[in-house]
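Please read the following note with the sequence and the model side by side. The points are numbered so that each can be checked in turn.

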Amino acid sequence: MNLYESEVVELKEIYTPEIKKGIVAFANTNGGTIYVGVQDNGEIVGLDNANFVMQQISNSLRDGIRPDVSMFTYIELLCEDNKYFVKLTVSQGTKKPYYFADKGLKPAGVYIRSGTTSA
């Protein structure tokens, strides 16, 4: 599997709460996919506890983003070369703008995807 960052693909080596930024940006633009457990160069490094990461992502979706974006997302566990990683597919949302629940509709809480960055 050859992975690289683009306007519709984001790679994250580990889960951090900052993943919400990519989710919001994809939901506010044309959608995209976030892979967790994959380095920026596309190398799959895997996750020690992929099921826990999936739970963290699910909680982030439910608690950290408004309006509810969970119906526009699909989380799946993948394995390649005995390395588990997470694929999070985010479709374009229909109730834009999506934003961080704790930031509200301020520039610090609303993001869009532009090229390979979420701004």
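What covers the buried residues of α2? The points below begin with the basis of the note and then take up this question.

1. Basis of the note. This is a predicted model, in which local features need pLDDT of at least 70 and side-chain atom pairs count only at pLDDT 80 or more, while totals for chains, interfaces and linings use all residues. Residues are numbered from 1 along each chain as its sequence is written, and side-chain values use heavy atoms, with hydrogens and water left out.

2. Helix α2 and its cover. The buried residues of α2 are covered by elements that include α1 (19-28), β2, β3 (65-66), β4 (73-80), β5 and β6, where contact means heavy atoms within 4.5 Å. Helices (H or I, at least four residues) and strands (E, at least two) are DSSP runs, numbered from the N terminus. The buried residues in α2 are Ala50, Val53, Met54, Ile57, Ser60, Leu61 and Gly64; buried means under 20% relative accessible area, exposed over 50%, and partly exposed in between, with a 1.4 Å probe and protein chains only. Seen down the axis of α2, these buried residues fall within an arc of 140°, so they line one face of the helix, the arc being that of the directions from the helix axis to the C-beta atoms.

3. Length of α2. Helix α2 covers residues 50-64, and its 15 residues should span 21 Å at 1.5 Å a residue, which agrees with the 20 Å between its end C-alpha atoms. The expected span is 1.5 Å times one less than the number of residues in the helix.

4. Strand β2 and its partners. Five of the five residues of β2 are buried, so this strand is largely enclosed by the rest of the structure. Gly32, Ile34 and Val36 point one way from β2, whereas Thr33 and Tyr35 point the other way. Strand β1 (residues 9-12) runs parallel to β2 and is joined to it by four bridges, with Val9 standing opposite Thr33; two strands pair if DSSP finds at least two bridges between them. Strand β5 runs antiparallel to β2, with five bridges between them, and here the bridge partner of Thr33 is Thr89.

5. The hairpin of β4 and β5. These two strands pair in the antiparallel sense over eight bridges, and Thr89 in β5 is the bridge partner of Tyr74. The hairpin has two residues between its strands. Asp81, in the loop between β4 and β5, has a phi near 55°, a positive value in a residue other than glycine, and is exposed, with a relative accessible area of 67%. Asn82 is found in the loop between β4 and β5, has a positive phi near 60°, and counts as exposed at 73% relative accessibility.

6. Cis peptide bonds. Most residues other than glycine have a negative phi, and most peptide bonds are trans. The bond from Arg66 to Pro67 is cis, with omega near -20°, and Pro67 is found in the loop between β3 and β4. The bond from Lys96 to Pro97 is cis, with omega near 0°, and Pro97 is found in the loop between β5 and β6.

7. Aromatic pairs. The structure holds three aromatic pairs; rings of Phe, Tyr and Trp (its six-membered ring) pair if their centres lie within 6.5 Å, and planes under 30 degrees apart count as stacked, over 60 as edge-to-face and the rest as tilted. One of them is the tilted pair of Tyr35 and Phe85, with 6.3 Å centre to centre and 40° between the planes. This pair links distant parts of the chain, with Tyr35 in strand β2 (residues 32-36) and Phe85 in strand β5 (residues 83-90), 50 residues apart. Tyr35 is buried at a relative accessible area of 9%, and Phe85 is buried at 1%.

8. The surroundings of Phe100. The rings of Phe100 and Tyr111 have their centres 5.4 Å apart and their planes at 45°, so this pair is tilted. Phe100 lies in strand β6 (residues 99-100) and Tyr111 in the loop between β6 and β7 (113-114), eleven residues apart. Phe100 is buried, with a relative accessible area of 6%, and Tyr111 counts as buried at 15% relative accessibility. Lys20 lies over the face of Phe100, at 4.8 Å from the ring centre; a charge sits over a ring if NZ of Lys or CZ of Arg is within 6 Å of the ring centre and within 35 degrees of the ring normal.
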